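This report concerns side-chain contacts, with attention to charged pairs and aromatic rings. The structure is shown first, and the account follows.

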Amino acid sequence: MAKYPLIKSTLKDRLLGGHYTEGLPLPSEPQLAREFEVSRMTARRAIDELEREGYVYRVQGAGTFPTGKRFRQGMFRVRPFKEWARHPDHRTTVLRAMQIEATPEIAIVLQIQPGDPVIFVHRLRNAGDEALVIEKRYINAALVPGLLEHNLGVESIHETMVSLGVPLQRVEQNLEAVNLRQEEAELLRVPLGTAAFLLRRTTYSGQRRASYVNYWVRGDRYAFQDTFEP
């Protein structure tokens, strides 16, 4: 099984735990490759992802440095798809909807085996002429074999899964600020490197992970808020 997800997760835990001192570089790619017994390319991929997510930054000729601790704060809620779709000015475009084989990374996230069937849904949400949200979702196909027969441009995937007999009981989510890569920047029609929110959400059916989704959200068009008792 690929070691890239483990390396990234380990380094992220170290960064969040203050293992690396701010102002001093992380171990070099050759050092990380030796520590984890992988190729330099694999180590570089983990660092690339951490840089894109804002955990580290590179200085040419000096190395890779931690950006500082990220603090986990409170809870937040995101409006359900059905509320979004209800607005007459909102529309959702299905860019891709297909069954694929789970990569090692997706297999780890969904707790299945590499090569197992996964439903991949790539959607773009617009308000009027503005593209606001990119969605990339991976679903355990064994749980919902008939999902692709539905109109996913107008139907809530969660509600459709429930209607197909898959109860959804728990959601874990994480919200971070990132800089958009070329693909996401082009879809949202903003400059490369523009700041945005990245919302990751894992949905459980019982003890099984049913769905994993990444949302890239325009930071200049969205604000998250919540009301709760202190």
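A residue is called buried when its relative accessible area is under 20%, exposed when over 50%, and partly exposed in between, using a 1.4 Å probe and protein chains only. The model is predicted, so local features need pLDDT of at least 70 and side-chain atom pairs count only at pLDDT 80 or more, while totals for chains, interfaces and linings use all residues. Residues are numbered from 1 along each chain as its sequence is written, and side-chain values use heavy atoms, with hydrogens and water left out.

**Salt bridges**

A salt bridge is a side-chain nitrogen of Lys or Arg within 4 Å of a carboxyl oxygen of Asp or Glu. By this rule, the model contains 15 salt bridges.

| Pair | N to O distance |
|---|---|
| R44 and E29 | 3.1 Å |
| E183 and K136 | 2.9 Å |
| E184 and R181 | 3.1 Å |

In the bridge between R44 and E29, R44 belongs to helix α3 (residues 40-52) and E29 to helix α2 (residues 29-36), so the contact ties together parts that are 15 residues apart in sequence. R44 is partly exposed at 32% relative accessibility, and E29 is buried at 16%.

The bridge between E183 and K136 connects helix α7 (residues 182-188), which holds E183, with strand β5 (residues 130-140), which holds K136; the pair therefore ties together parts that are 47 residues apart in sequence. Here E183 is partly exposed at 37%, while K136 is buried at 13%.

**Aromatic rings**

Rings of Phe, Tyr and Trp (its six-membered ring) pair if their centres lie within 6.5 Å; planes under 30 degrees apart count as stacked, over 60 as edge-to-face and the rest as tilted. The count comes to two aromatic pairs. One of them joins Y57 and F65, whose ring centres are 5.6 Å apart and whose planes stand at 20°, so this pair is stacked. Y57 is partly exposed at 38% relative accessibility, and F65 is buried at 10%.

A charge sits over a ring if NZ of Lys or CZ of Arg is within 6 Å of the ring centre and within 35 degrees of the ring normal. R170 lies in this way over the face of Y204, at 3.9 Å from the ring centre.

How values were computed
Helices (H or I, at least four residues) and strands (E, at least two) are DSSP runs, numbered from the N terminus.
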